[in-house]
Amino acid sequence: MKNETVLPIGKEQLLAAWATLQRCREGKHNLEQRLVENDQWFRMRHWDCMAGTHRQIEPASGWLFNCIMSKHAEAMDAYPSPNFLPREASDRAEAKMLSAIVPVVLEQNDFEETYSQVMDAKLKAGTGVYGVFWDPEKLGGLGDITLRRVDVMNLFWDSGVADIQQSRNLFHVELVDNDTLVERYPQLLGKLGSDPVALGRYLSDDRVDTSRKSPVVDWYYKRRGK
């Protein structure tokens with residue numbers, strides 16, 4: 001039986017991944033438009049989303065905001081707590097250990113605030129996403145996991161899949177200040193530009209300047225094989 005050789009990611013694979021990301025971005029256009037419109041409705045600017053229905057009087061009330069805030073309050077009252085139960089007798093010690101460790105990890109990451117943010121997004125957009133990342137700078141450089149909300153606008157997957165777990169590719173794109181990137185990776189000096197991924201953005205009263213930011217792409221993929 002031959003051993004499969006796993007080749008490193010090179011230029012060819014990166015170019016193919018970039019083309020895949022562009023296809024995923026195009027396939028997600030309608031969803032991104034709906035996310036923006038949902039946010040506008042939440043801000044009582046729904047008339048801007050209703051082309052051709054403008055009248056001299058465009059009433060706006062806080063009923064939707066109040067409904068969402070009420071649901072959010074109910075969700076916070078039902079804030080979950082981890083409960084690990086053993087599947088069999090030999091799992092009792094591990095379940096007890098996890099029951100002691102995980103609450104501390106959640107507390108250190110201020111998970112209640114993250115839970116609140118995800119629930120807020122879920123009520124407006126229909127879904128919420130948690131991100132679990134490794135932060136090498138935590139604990140004085142020892143490193144530890146960090147938990148935070150991930151905006152669906154920053155995620156891209158194979159269009160047409162009903163279960164995101166079935167997507168062969170998943171991209172997480174985030175704009176990061178160029179100064180921060182150069183500080184972490186000095187070899188990027190002079191090589192950073194604008195935002196070629198063209199991330200979808202929510203409408204804002206502020207003028208958001210992204211000219212000094214560059215997209216950082218995390219690519220999660222399933223290994224190709226025969």
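Which element gives the largest share of the lining of the largest pocket? The answer is α5, with five residues. Helices (H or I, at least four residues) and strands (E, at least two) are DSSP runs here, numbered from the N terminus. The model is predicted, so local features need pLDDT of at least 70 and side-chain atom pairs count only at pLDDT 80 or more, while totals for chains, interfaces and linings use all residues. Residues are numbered from 1 along each chain as its sequence is written, and side-chain values use heavy atoms, with hydrogens and water left out.

The largest pocket holds about 730 Å³ of space. A pocket is an open set of points on a 1 Å grid over the protein atoms alone, where a 1.4 Å probe fits, with protein on both sides within 12 Å along at least five of seven lines; lining residues have an atom within 4 Å of a point. Its volume is the space filled by probe spheres set on the points, which are joined across faces, edges and corners. The lining has 29 residues, and Arg 149, Asp 151, Met 153, Asn 154 and Tyr 202 are the closest to the centre. Two or more lining residues come from each of α2 (29–42), α5 (111–125), β2 (144–150) and β4 (169–177). By class, 10 lining residues are nonpolar, eight polar and 11 charged. Nonpolar covers Ala, Val, Leu, Ile, Met, Phe, Trp, Tyr, Cys and Pro, charged covers Asp, Glu, Lys and Arg, and the others, Gly among them, are polar.

Side chains of opposite charge can pair when their charged atoms come close. The whole structure has seven salt bridges, each a side-chain nitrogen of Lys or Arg within 4 Å of a carboxyl oxygen of Asp or Glu. One of them joins Lys 124 to Asp 39 (3.7 Å, N to O). Because Lys 124 lies in helix α5 and Asp 39 in helix α2, this pair ties together parts that are 85 residues apart in sequence. Asp 39 is buried at 8% relative accessibility, whereas Lys 124 is partly exposed at 21%. Buried means under 20% relative accessible area, exposed over 50%, and partly exposed in between (1.4 Å probe, protein chains only).

Lys 124 also forms a salt bridge with Asp 120, with the closest N and O atoms 3.8 Å apart. Asp 120 and Lys 124 are four residues apart in helix α5, so about one helical turn separates them. Asp 120 is partly exposed, at 23% relative accessibility. A network of salt bridges links Asp 39, Arg 43, Asp 120 and Lys 124.
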